[in-house]
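Subject: Structure handover

Hello,

Here is the structure I promised to pass on. Please open it alongside this note. My findings follow below.

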Amino acid sequence: MNSVAIDPLPNQSQGRLMLALIVGLLALPFIIGAGLYFGGWHPSRIGHHGHLLNPPLQLPEQIPRSTGKNAEKWKLVLHVRGPCAADCMSRLDEMRRIHVALYKNMGRLSRAVLTDQPNDPALIALHASQPDLIVLIAPPSALAGITDPLLLVDPQGLVIMTYPPDASPQGMRADLDRLLKYAWTG
């Protein structure tokens, strides 16, 4: 019988080094991710641009009912305390532009002004020129817990998100685009 001695391959150490390199490259994303997670880093961009209310706030019952045929739609509501001045008119113009920019989903959203002054001449004139704008009358204490002027209301009459006075129209439109893409109602 012939005995053949098997010598270790000359490149076995190179193979182990290559295996360790491949395992290291596969594990590197997990190591970086764990380091970022435990280090407290979070991406700067969040999912929405407004303030999400958790739990949502129910509007007083007479308000959603008073929207008539728009009761089953999402609503972008401007809450005005006192007379509608220049900043109010500017915000209403932004709301109209956002509404038009929704294009195919424009019919799923309605715009409304919630005011405590039913005889405000500026709102009466604006409603005459924009008949699709809903003017809702509510007592000043109706939304006492909400300080933001812009409200996003779902078809069931729940305020789900609010926007501060300096909220960007692009951010609101992005939120509405995403919401109407995934929402079945309205």
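How many bridges join strand β3 to β4? There are four, and the two strands run parallel. Strand β3 covers residues 109-115. Within this pair, L114 stands opposite L136 in β4. Before you read on, please note that this is a predicted model.

The sheet

β3 and β4 belong to an open sheet of six strands. The order is β1-β6-β5-β2-β3-β4, and the pairing is mixed. β1 (51-58) and β4 (134-137) stand at the edges. Each has a single partner strand, so one side of each is left without a neighbour in the sheet. Neighbouring strands are turned by 30 degrees against each other on average, direction ignored.

Strand β5

Look next at strand β5, residues 150-153. Strand β2 (residues 74-80) pairs with β5 in the antiparallel sense, over four bridges.

β5 and β6 form a hairpin, with four residues between them. G157 sits in the turn and has a positive phi of about 90 degrees.

Are the residues of β5 buried or exposed? L150 and L152 on one side are buried, and so are L151 and V153 on the other. Both faces of the strand are therefore covered, with buried meaning under 20% relative accessible area. In a regular strand, side chains alternate between the two faces of the sheet.

Two helices in contact

Now turn to helix α3 (residues 86-101) and helix α5 (residues 169-182). Two packed helices are described by the angle between their axes and the distance between the axes. The axes of α3 and α5 come within 10 Å and cross at roughly 40 degrees. The two helices are therefore oblique to each other. Their crossing is right-handed.

Which residues meet there? From α3 come R91, E94, I98 and A101. From α5 come P169, M172, R173 and L176. By class, this contact has five nonpolar, no polar and three charged residues.

V23 and P169 are 146 residues apart in sequence. In space they are 48 Å apart, C-alpha to C-alpha. V23 lies in helix α1, residues 12-39. V23 is partly exposed, with a relative accessible area of 49%.

Two backbone details

Most residues other than glycine have a negative phi, and most peptide bonds are trans. Two places in this model deserve a look with that in mind.

The peptide bond that joins N54 and P55 is cis, with omega about 10 degrees. P55 lies in strand β1.

Y103 is not a glycine, although its phi is positive, at about 55 degrees. You will find Y103 in the loop between α3 and β3. Is Y103 buried or exposed? Y103 is exposed, with a relative accessible area of 67%.

Over to you.

Best wishes

Methods
Residues are numbered from 1 along each chain as its sequence is written. This is a predicted model: local features need pLDDT of at least 70, side-chain atom pairs count only at pLDDT 80 or more; totals for chains, interfaces and linings use all residues. Side-chain values use heavy atoms; hydrogens and water are left out. Buried means under 20% relative accessible area, exposed over 50%, partly exposed in between (1.4 Å probe, protein chains only). Axes are lines fitted to C-alpha atoms, for helices over the stretch in contact, and angles run from 0 to 180 degrees between N-to-C directions. Angles under 35 degrees count as roughly parallel, over 145 as roughly antiparallel, 65 to 115 as roughly perpendicular and the rest as oblique. A crossing is left-handed if the near helix is turned anticlockwise from the far one by less than a right angle, and right-handed if clockwise. Contact means heavy atoms within 4.5 Å. Ala, Val, Leu, Ile, Met, Phe, Trp, Tyr, Cys and Pro count as nonpolar, Asp, Glu, Lys and Arg as charged, and the others, Gly among them, as polar. Two strands pair if DSSP finds at least two bridges between them.
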